[in-house]
Amino acid sequence: MNEGGEQTANTNINYLLEQYDISCNNDSVIRTIFCKYLDPKEALVSNGVLNRALTLNAGKSTPSIFLSHFSGLQFVYPFGATLNVGRRSTAVLSTGTVCYPNDRPVCAFHQTVNENYGKLVVIGSVQIFTDQYFDKEDNSKIWDVVIKFVTEGFTLNEIDSKEPNLMEAHPIPDHIFLSEKIKVCLQEGEYEMNQSGDFLSFFDSSLFSMDLSIWPRIIRAFDQLGLKHEPLSLIVPQFDTPQPPLAPAVFQPNFCELPPPRLELFDLDDMFSSKEIRLAQLTNKCAESDLEYFLKAASEIYNITESLPLNDRGPKKVLEFVVCQLAEFKKLNQVAFTDQFCK
């Protein structure tokens, strides 16, 4: 068989297999976790042996009898379907716990005990023994076990044959088929539309309605109770304020203080010394060839450059400014000396 069962193969093989209590389902086996093979339908089954006799005849050691599945043989089950196996046949291979559907039979043996002695092997994947998958995992050993059972025969384990560790099939709805129907989620009503042409008759508005049908009874109730019928007046609400109105709490932002000056980058002697000391230090530093530099530095010490134009602050201009200042100073002293002498 192959995936999809007899529906895909367009055959009635189940009519023959049901006579031996075996049938093939119209489903497909996939692996839920990736391992070695890219296609999920190339299902790698690592714990799908249901009868320990297969492991013994394949030449592999048998695991402990307390294990629910015997993992002595691993096989690739490509593009196959599951089987339904009854009491008259024996399920020997299953999908294991990793593939879906979980723990469903994929290979079954049948052996007649009457005069017409015969054997039957049913497997849900015809591609498991093709050239592409024959050398994969332990598929070749399973083929040898199948041929040995058909030709020579061997005894299956009675405990595993009577109570194989299988799970019941859990069918799910065919969502693709249901989506094509008109009424997927709506249930049919008690009355069909073809019984009555007026669909408004199906609505019962007596349970919940909003109309003026009982308004006359309410008007008459005012006279019966002796009340004056007048429109309702507006009651001005009074809001109590037991607490003062809220005001947003605003705080002045806290700015970071400026860092202290980096005194290590300054020459403190030059910054805090007097003009005379700075001029003496400049004199000791300069030689006769540094006359131009000496005049410029001395003019900066005594702030002479601030009185000079920006485009003309050379040493000659500095000497000119100093000579002019000395001349003016002498003129002032001469006038003061003359006045003092006359007195």
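View 1. A pocket is an open set of points on a 1 Å grid over the protein atoms alone, where a 1.4 Å probe fits, with protein on both sides within 12 Å along at least five of seven lines, and lining residues have an atom within 4 Å of a point. Of the 27 lining residues, Gly86, Arg87, Arg88, Ser89 and Thr90 lie nearest the centre, while strand S8 (105-111) is among the elements that supply at least two residues and gives the most, with four.

**View 2. The second largest pocket.** This pocket has a volume of about 410 Å³, and Asp27, Tyr100, Pro101, His170 and Pro171 are the closest to its centre among the 16 residues that line it.

**View 3. Leu93 and its contacts.** Leaving out residues up to four places away in sequence, Leu93 touches Gly48, Val49, Leu50, Leu54, Phe75, Arg104, Pro105, Val106, Cys107 and Ile142, where contact means heavy atoms within 4.5 Å.

Residues are numbered from 1 along each chain as its sequence is written. In this predicted model local features need pLDDT of at least 70, side-chain atom pairs count only at pLDDT 80 or more, and totals for chains, interfaces and linings use all residues, while side-chain values use heavy atoms, with hydrogens and water left out.

Methods:
Points joined across faces, edges and corners; volume = space filled by probe spheres on them.
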